[in-house]
Amino acid sequence: MGDGQTLKRGFRHPAIESQRAFRALMQAWACPGSRAAFDDVDTPEGWNIASAVIALTLCDGDTPVWLSARAAGASDWLKFHCGSQIVDAGAIKRAQFAVCHVSDTPELQSFNLGTATSPEDGATLILMSDEQPSDGPAVTLAGPGIETTTTLDAFSLPDGVWAQRALLARLYPAGLDFILTDGAGAVCIPRTCRVQWEQN
């Protein structure tokens, strides 16, 4: 723990702040495409506020976490604040949560997708956008929690990630859930969501 990451604080008032963040996140899950906003925390290296808050809220000693190369600076921070076990690339299918930047997201098939009988085993991916505005494709969402359709105006992902997700949709109820983060905001895209995008 010599990298100093454990010196970064988490929540100032864990019980209050985690409950507030959890309510905001659950509202975003219920309304895919809507933006949840989170209060500031002292973020670890390479992370944005939303990803840090979500990790503090959802991760604990029972949730193995995988970190991409650009997110790996938070390894000690997660262990200290959440008690999480950090799994390496060889054990990526054990991860219940994965935190990646959109630029270094691995093949989606790398993660645990769950099964038809145990869909809850499918991993949740927390995907951090880069600081620069995305030039990814325009995205339209439909499905449970969306009255007709909604347009995803931010948090766009590369074309290839959407294409991979479309293939995984055939495995429903198995699959992956996405939480897209940018600054202090997040959008949830559960596996129940149907996605259309302008392919390049």
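Modeller: Start with a crossing: α2 passes α3 right-handed, where right-handed means the near helix is turned clockwise from the far one by less than a right angle. Helices (H or I, at least four residues) and strands (E, at least two) are DSSP runs, numbered from the N terminus. This is a predicted model: local features need pLDDT of at least 70, side-chain atom pairs pLDDT 80 or more, while totals for chains, interfaces and linings use all residues. Residues count from 1 along each chain as its sequence is written, and side-chain values use heavy atoms, without hydrogens and water.

Colleague: At what angle do α2 and α3 pack?

Modeller: Axes are lines fitted to C-alpha atoms, for helices over the stretch in contact; angles run from 0 to 180 degrees between N-to-C directions. The axes of α2 and α3 (residues 75-82) lie 9 Å apart. Their angle is about 40°.

Colleague: Which residues of α3 make the contact with α2?

Modeller: Contact means heavy atoms within 4.5 Å. From α2 come A52, A55 and L56. From α3 come W77, L78, H81 and C82.

Colleague: Is α1 roughly parallel or roughly perpendicular to α2?

Modeller: α1 (residues 14-30) and α2 (residues 49-58) pack at about 105°. Angles of 65 to 115 degrees count as roughly perpendicular, and under 35 as roughly parallel. So α1 to α2 is roughly perpendicular.

Colleague: Which strands are the edges of the open sheet?

Modeller: The order is β1-β9-β8-β5-β4-β2-β3, with mixed pairing. Two strands pair if DSSP finds at least two bridges between them. Pairing on one side only are β1 (35-37) and β3 (86-87).

How values were computed
Parallel < 35°, antiparallel > 145°, perpendicular 65-115°, else oblique.
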